[in-house]
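Let's take a friendly walk through this model together. Have a look at the fold, and then we can go through the details.

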Amino acid sequence: MNIKCALLTKYPVITIRPFCSKLTHKVQDEIYFDQIGRPDPVSHLRPIIFKRPQNETKLEKTYREAREDTQLWNQTFWTKHNNSFTRERKQFQETLKAQGKTTLTADEMSVFYKNFLDKNWRMHLDYNISWYKKNFRLLLLELRNVINRI
């Protein structure tokens, strides 16, 4: 399944028409500008459905698809990360409650947060390096598109 189908299935497209208070449901091929959806409940990222110009060049298509791939990669990373965080936090809280703690203080939770960040330090570093590479590639593709339009 491609990114467009995955996002449209999970996030239906609702467009607010400029200068109008009515909502319209639009067909994907009729979208004339990028659309940003509601935040995902797990990743907390807003999905973007990118516009598709009617006369999209090969270079424009490559750029749009690279943006879609980057968005899907980012969505996947943060969904896995946040699920892991929630699961581990719940285990930590249950462990402390089993020891007789009825309420957890910020200091007690800070131990968990530090351990989680320390344990996932390498994963965050790899994510940041990949993120910069992907964004640099997008920047170059956008620059090529701008030059191509001149």
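## The nonpolar core

Five residues, Leu-59, Tyr-63, Ala-66, Leu-138 and Leu-141, make up the largest nonpolar core. Such a core is a set of buried Ala, Val, Leu, Ile, Met, Phe, Trp, Tyr and Cys residues joined through side-chain atoms within 4.5 Å; buried means under 20% relative accessible area, exposed over 50%, and partly exposed in between, with a 1.4 Å probe and protein chains only. The elements giving two or more residues to this core are α2 and α4, and α2 provides the largest share, three residues.

Tyr-63 touches Leu-138, Leu-141, Glu-142 and Asn-145, leaving aside residues up to four places away in sequence. A contact here means heavy atoms within 4.5 Å.

## About the model

This is a predicted model, in which local features need pLDDT of at least 70 and side-chain atom pairs count only at pLDDT 80 or more, while totals for chains, interfaces and linings use all residues. Residues are numbered from 1 along each chain as its sequence is written, and side-chain values use heavy atoms, with hydrogens and water left out.

## Overall layout

The protein chain has four helices and four strands, in the order α-β-β-β-β-α-α-α along the sequence. Helices (H or I, at least four residues) and strands (E, at least two) are DSSP runs, numbered from the N terminus.

Of the 150 residues of the protein chain, 27% count as buried. The accessible surface comes to about 11000 Å², with 58% of it belonging to carbon and sulfur atoms; areas come from the Shrake-Rupley method with a 1.4 Å probe, and for residues only the protein chains shown count as cover.

With 29 residues, α4 reaches 42 Å from its first C-alpha to its last, close to the 42 Å expected at 1.5 Å a residue. That expected span is 1.5 Å times one less than the number of residues. Which residues of α4 are buried? They are His-124, Tyr-127, Leu-138, Leu-141 and Asn-145, and their cover includes α2 and α3 (106-119).

Phe-136 is also found in α4, which spans residues 121-149. Together with Leu-139, Leu-140, Leu-143 and Ile-147, Phe-136 forms a nonpolar surface patch with about 510 Å² of accessible area. Patch residues have over 30% relative accessible area and no salt bridge; like charges are joined within 9 Å, and nonpolar side chains (Val, Leu, Ile, Met, Phe, Trp, Tyr) within 5 Å.

His-81 lies in helix α2 (residues 58-98) and counts as buried because its relative accessibility is 9%. Beyond residues up to four places away in sequence, His-81 touches Phe-116, Met-123 and His-124.

Phe-50 sits in the loop between β4 (48-49) and α2, and is buried at 4% relative accessibility. Phe-50 and Phe-33 are 17 residues apart in sequence and 6.9 Å apart in space, C-alpha to C-alpha.

## Salt bridges

A salt bridge needs a side-chain nitrogen of Lys or Arg within 4 Å of a carboxyl oxygen of Asp or Glu, and the count by this rule is nine. Glu-56 and Arg-64 meet at 2.7 Å, N to O; Glu-56 is partly exposed at 23%, whereas Arg-64 is buried at 4%. A network of salt bridges links Glu-56, Arg-64 and Glu-68.

Glu-65 pairs with Lys-61, their closest N and O atoms being 3.9 Å apart. These two are four residues apart in helix α2, so about one helical turn separates Glu-65 and Lys-61.
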